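Reader: I'd like a close look at one part of this model: the charged side chains. Could you walk me through how they pair up and where they sit?

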Amino acid sequence: MIIINIKDGESIDRALKRFKKKFEKTGVLRELRSRQAFEKKSVTRRTQVKNAIYKQSLNQEI
């Protein structure tokens, strides 16, 4: 459970922004989306390799 302490005089918008940031860090939505459809391990591995190649090419250009 995510707990956000709201300080005196703090706006709801500010507290909501902090809540959203904490919620994003937990990775709940990412996990939920990944569980909606089964993906074979070979497909997952292939995607990871493609992402690694892409990131490596970005680093080499700099």
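Author: Let's start with a pair. Arginine 18 and glutamate 10 join their side chains in a salt bridge, with 3.1 Å from N to O. Keep in mind that this is a predicted model, so the distance is computed from predicted coordinates. How open is the arginine in that pair? Arginine 18 has a relative accessible area of 30%, so this residue counts as partly exposed.

Now for the other pair, as the whole structure turns up two salt bridges. Here glutamate 31 meets arginine 35, side chain to side chain, at 2.6 Å from N to O. Both residues belong to helix α2, which covers residues 28-36. They're four residues apart there, or about one turn of the helix. As for exposure, arginine 35 comes out at a relative accessible area of 64%, so it's exposed. Glutamate 31 has 39%, so that one is partly exposed.

Lysine 25 is part of helix α1, which runs over residues 12-26. Its relative accessible area is 71%, so lysine 25 is exposed.

Key:
Residues are numbered from 1 along each chain as its sequence is written. This is a predicted model: local features need pLDDT of at least 70, side-chain atom pairs count only at pLDDT 80 or more; totals for chains, interfaces and linings use all residues. Side-chain values use heavy atoms; hydrogens and water are left out. Helices (H or I, at least four residues) and strands (E, at least two) are DSSP runs, numbered from the N terminus. Buried means under 20% relative accessible area, exposed over 50%, partly exposed in between (1.4 Å probe, protein chains only). A salt bridge is a side-chain nitrogen of Lys or Arg within 4 Å of a carboxyl oxygen of Asp or Glu.
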